[in-house]
Amino acid sequence: MVVTDSFFTFRISLFKSKHQNIMDAQNRRYFLKSSGLAALGLAFGPSLRAFAPSDKLRIAHIGLGGMGNAHMNWFAKLPEVDIVALCDVDAHHLAETRNKLRELHPKGPKVKLYEDFRRILDRKDIDAITCATPDHWHAAIATLAFQAGKDVYGEKPLSYDIGEGKIMLENLNRYNRVFQMGNQIHAGDNYHRVVELVKSGAIGNVHTVRLWKTGVPPELKGTTPAPVPSQLNWDMWLGPAPYTEYIPAKCHFTYRYFLDYSGGVFADFWCHIADIVFWSLQPKGLKNVTARGEKADGIADVPKWLDADFEFDNLKIHWSSTPPDVPGAAEKGIGAYFEGDKGTLICDYNTRSITINGETMTDIDYVPMSVKRSPGHQQNFVDAVKSRTQPESNLAYARGMTLPMHLALISYRLGRPVQWDASAEQFINDAEANALLHRQPRDKWKLI
Ligand SMILES: NC(=O)c1ccc[n+]([C@@H]2O[C@H](COP(=O)([O-])OP(=O)(O)OC[C@H]3O[C@@H](n4cnc5c(N)ncnc54)[C@H](O)[C@@H]3O)[C@@H](O)[C@H]2O)c1
């Protein structure tokens, strides 16, 4: 029995009024009855599985490029996990990953291979999925997974746009699911210690943080459409994104340099380093965002470089493609520089140093260890699924932390500053900018 596309379209109608909710419930019951799915036990519904500590989680990996293989490697090492399904729209990636999994677990459980992730969501014996598809798929796959009663370990950035993130959060709550976003560095000891040091007040009241990531997109060439490789389902790769003929540079890995799918180096790395600011300072009341940049060389349309200024209630955050002119920054490809009224702190993923009254040190002994250490980002997700709690990089947190990145991309696209009403989640008197908060997905992948 096949669950049709229209069934999915129907299920992801969101932002409902009370009246719409009642109508949907009635329609859904009608659909299940008329399709016979319910009688066959194939209808979606929240998983009712209660986990004992010794139970194994049955998971599926969706999207098996560079990061999907990292997911498979990480989860394959966890004793409380069985990988039972793999999915990719590129049959070569699917087969290669299957072979690697076979090497890792020659006597592991039976693994089924899928081109269409919806067939994984049909399976009642799967507890959770991981998603490492390109960014434009994150929200649809996670939302449908929540509706199918699955928990999700999904890659960063959370979603393609702000509207999608809102839909994900609403569905997470409605279906009582667990979500962890893949900003794995969150679990590292260095970030935990930076949070303790900043929160301790050692550098005083922090008024400004400068974030940076060096590196430019490659110069991509070739605007002539090519035949779609026989192993690739291009329409399913595009999914919610606008239709275009197959152009190799727009597909695997380098899709991230096209605004139809992602946001370039800025969107790729923002979540990783902005995390340390949002975790340690919880900035609130974002008001103004100004981004300046220059288009990448070649056919890519993301920024080659980007500078962005964010004004929160009591904090200014600046993003740049070049390090700030302060000691210790130039040698770091990615970093955060905290400026407080008593001192400064500079960090990257694995290192940190604090400067107070001209004295630089890597740690301050008297600041106690107050933040509970992570058991590992993937284990933390497994623990959360079993205990029905939200993990470290949960969806609500990930959404708040990702939102400024989307606003800066909108400012870059418009070529001007934008004013934001944080409580209404709208630009102020700015229809042009508000229109960019949520892209209408293609036909059957509509989320509203
Ligand atoms: N956390 C990190 O450090 C980190 C690092 C790299 C990438 N990422 C994120 O991981 C995601 C994937 O990046 P990547 O570099 O692995 O890209 P990639 O192009 O190498 O891999 C994406 C894979 O998804 C597959 N895919 C596309 N649509 C699909 C669908 N509908 N169903 C199933 N499979 C589908 C593609 O065929 C491809 O194999 C991105 O969102 C990226 O931002 C995170």
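This is a predicted model: local features need pLDDT of at least 70, side-chain atom pairs count only at pLDDT 80 or more; totals for chains, interfaces and linings use all residues.
Local features need pLDDT of at least 70 and side-chain atom pairs count only at pLDDT 80 or more, while totals for chains, interfaces and linings use all residues. Residues are numbered from 1 along each chain as its sequence is written, and side-chain values use heavy atoms, with hydrogens and water left out.

**Cavities**

- A search of the whole structure finds three cavities of 30 Å³ or more; a cavity is a set of points, on a 1 Å grid over the protein atoms alone, where a 1.4 Å probe fits but cannot get out.
- The largest cavity holds about 70 Å³ of space, a volume being the space filled by probe spheres set on the grid points, which are joined across faces, edges and corners.
- Its lining residues (those with an atom within 4 Å of a point) are Lys-213, Gly-215, Gly-263, Gly-264, Val-265, Phe-266, Pro-303, Lys-304, Trp-305, Leu-306, Trp-319 and Ser-321.
- α10 (264–281) and β9 (303–311) each supply at least two residues of this lining, and β9 gives the most, with four; helices (H or I, at least four residues) and strands (E, at least two) are DSSP runs, numbered from the N terminus.
- The lining of the largest cavity has six nonpolar, four polar and two charged residues, where Ala, Val, Leu, Ile, Met, Phe, Trp, Tyr, Cys and Pro count as nonpolar, Asp, Glu, Lys and Arg as charged, and the others, Gly among them, as polar.
- The second largest cavity holds about 40 Å³ and is lined by Cys-131, His-138, Ala-142, Val-152, Gly-154, Glu-155, Leu-158, Met-168 and Phe-179.
- α6 (138–147) and β5 (151–154) are the elements that give two or more residues to the lining of the second largest cavity.

- The largest pocket has a volume of about 580 Å³; a pocket is an open set of grid points with protein on both sides within 12 Å along at least five of seven lines.
- Gly-65, Ala-132, Thr-133, Pro-134 and Tyr-255 are the closest to its centre among the 31 residues that line the largest pocket.
- Two or more residues of that lining come from each of α3 (66–76), α6, α9 (234–238) and α10.
- By class, the lining of the largest pocket divides into 14 nonpolar, 10 polar and seven charged residues.
- The second largest pocket has a volume of about 340 Å³, and of its 16 lining residues Phe-278, Pro-283, Lys-284, Phe-312 and Gly-400 lie nearest its centre.
- α12 provides the largest share of the lining of the second largest pocket, six residues.

**Packing of α10 and α12**

- The axes of α10 and α12 (395–414) are 9 Å apart and the helices pack at an angle of about 130°; axes are lines fitted to C-alpha atoms over the stretch in contact, and angles run from 0 to 180 degrees between N-to-C directions.
- The two helices are therefore oblique to each other, as angles under 35 degrees count as roughly parallel, over 145 as roughly antiparallel, 65 to 115 as roughly perpendicular and the rest as oblique.
- Residues in contact (heavy atoms within 4.5 Å) include Phe-266, Trp-270 and Phe-278 in α10, and Tyr-397, Gly-400 and Met-405 in α12.
- The contact residues divide into 13 nonpolar, two polar and one charged.

**Backbone features**

- Lys-156 and Pro-157 are joined by a cis peptide bond with omega of about -15°, and Pro-157 is in the loop between β5 and α7 (162–174).
- Asn-176, a residue other than glycine, has a positive phi near 55° and is in the loop between α7 and β6 (179–181).
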